[in-house]
Amino acid sequence: MNADFAYPTTRGERPERYEESRQFEAALFRAVVADPVVQRAFSDVVQLMEPFDLINSPDIRQRIEAHSLAQNA
């Protein structure tokens with residue numbers, strides 16, 4: 001993800017599904033702060049102890065979505 005593309009004046013071609021990726025990243029970080037299970041999974045991925053696919057596992061995705069829905073309620 002290239003955060004520079006969040007600014008409308010940034011030149012270049014935005015990646016496919018860029019806005020969707022930004023929304024998921026924001027939801028992920030909200031969940032990392034609020035949910036110790038997501039925090040542990042994220043930490044393990046960042047420290048290369050687990051593959052990135054762990055973030056996309058059904059349990060972790062469900063937890064991320066739950067925190068995202070709570071934020072929007």
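Q: What does pLDDT tell me, and what does the chain average?

A: pLDDT is the predictor's confidence in each residue, from 0 to 100. The chain averages 89, with 95% of the residues at 70 or above. This is a predicted model, so local features need pLDDT of at least 70, side-chain atom pairs count only at 80 or more, and totals for chains, interfaces and linings use all residues. Residues are numbered from 1 along each chain as its sequence is written, and side-chain values use heavy atoms, leaving out hydrogens and water.

Q: Which residues make up the largest nonpolar core?

A: In soluble globular proteins, nonpolar side chains tend to be buried together. A core here is a set of buried Ala, Val, Leu, Ile, Met, Phe, Trp, Tyr and Cys residues joined through side-chain atoms within 4.5 Å, where buried means under 20% relative accessible area (1.4 Å probe, protein chains only). The largest has 10 residues: Ala27, Leu28, Ala31, Val32, Val38, Ala41, Val45, Ile55, Ile60 and Ile64. H1, H2 (36-46) and H3 (58-72) each give two or more, and H1 has the largest share, four.

Q: What does Leu28 touch beyond four places in sequence?

A: Contact means heavy atoms within 4.5 Å. Leu28 touches Val38, Phe42, Ile55 and Ile64.

Q: Why does Asp44 count as buried?

A: Asp44, in H2, counts as buried because its relative accessibility is 12%.

Conventions
Buried means under 20% relative accessible area, exposed over 50%, partly exposed in between (1.4 Å probe, protein chains only).
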